[in-house]
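Q: Could you take me through this model one feature at a time, giving the general idea before the particular case?

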Amino acid sequence: ERKWDFHFCDLGNFGSHEQGFLRQADEYSINKEDCRFDAVISQQTIEHVRRPWLWMMELARLVRIDGIVAVVCPVTWKFHRNPVDCQRIYAEGMRALLEQAGLEVITVKTEHLGQTEAEKSQQIGQVDVQDTIGIGKKLLL
């Protein structure tokens, strides 16, 4: 049986009073030592990062050798500033970001990943909401 150690962070450091919160020194630096986690999941965040290649390198820094980085980015979602909304990333862009961060690409795809009723109300015209997901594995330091 394995004990899970869950941590989270937010670009604006909201939630800093919660157990497991990791403070960010800035947009690209999470206050935790190198190679700390088995997996890092970033969902619906990378579109709010001005330099996504630096963000991906920070996520890769946090995982152990053989650790997994999973990133989900909205593609067809409406503009939503929090505090900025910088880009949408399709599969080939996600692949490039994972590779540039030194991660072996396990899977990259852009597809419909499911919608709640609230999300359906936010659709852009008749466009089906899609996300890009990228999963990479850290092989070397």
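Q: Is Cys73 buried or exposed, and what is its relative accessible area?
A: Buried means under 20% relative accessible area, exposed over 50%, and partly exposed in between, with a 1.4 Å probe and protein chains only. Cys73 is buried, with a relative accessible area of 0%, whereas Cys35 counts as partly exposed at 24%. This is a predicted model, in which local features need pLDDT of at least 70 and side-chain atom pairs count only at pLDDT 80 or more, while totals for chains, interfaces and linings use all residues. Residues are numbered from 1 along each chain as its sequence is written, and side-chain values use heavy atoms, with hydrogens and water left out.

Q: How many disulfides are there?
A: A disulfide is a covalent bond between the sulfur atoms of two cysteines. With the criterion of a pair of cysteine sulfur atoms within 2.5 Å, the count comes to 0 disulfides.

Q: What order do the strands of the sheet have?
A: Strands of a sheet pair through backbone hydrogen bonds, either parallel or antiparallel. Here strands (E, at least two residues) and helices (H or I, at least four) are DSSP runs numbered from the N terminus, and two strands pair if DSSP finds at least two bridges between them. The open sheet has 4 strands in the order S3-S4-S6-S5, with mixed pairing. Strand S3 (37-43) and strand S5 (103-111) stand at the edges with a single partner strand each, so one side of each is left without a neighbour in the sheet.

Q: Which strands run parallel, and how does the chain cross between them?
A: S3 and S4 run parallel and are joined by 6 bridges, Phe37 having Val63 in S4 as its bridge partner. The chain crosses from S3 through H1 to S4 in a right-handed β-α-β crossover, meaning that, with the strands pointing away from the viewer, the path from the first strand over the helix to the second runs clockwise. By contrast, S5 and strand S6 (residues 131-138) pair in the antiparallel sense over 8 bridges, and Val105 has Gly136 in S6 as its bridge partner.

Q: Which residues touch the most other members of the largest nonpolar core?
A: A nonpolar core is a set of buried Ala, Val, Leu, Ile, Met, Phe, Trp, Tyr and Cys residues joined through side-chain atoms within 4.5 Å. The largest one has 24 residues, of which Ile46, Trp55, Met56, Leu59, Val69, Val71 and Met94 touch the most other members. Its largest share, 5 residues, comes from H1.
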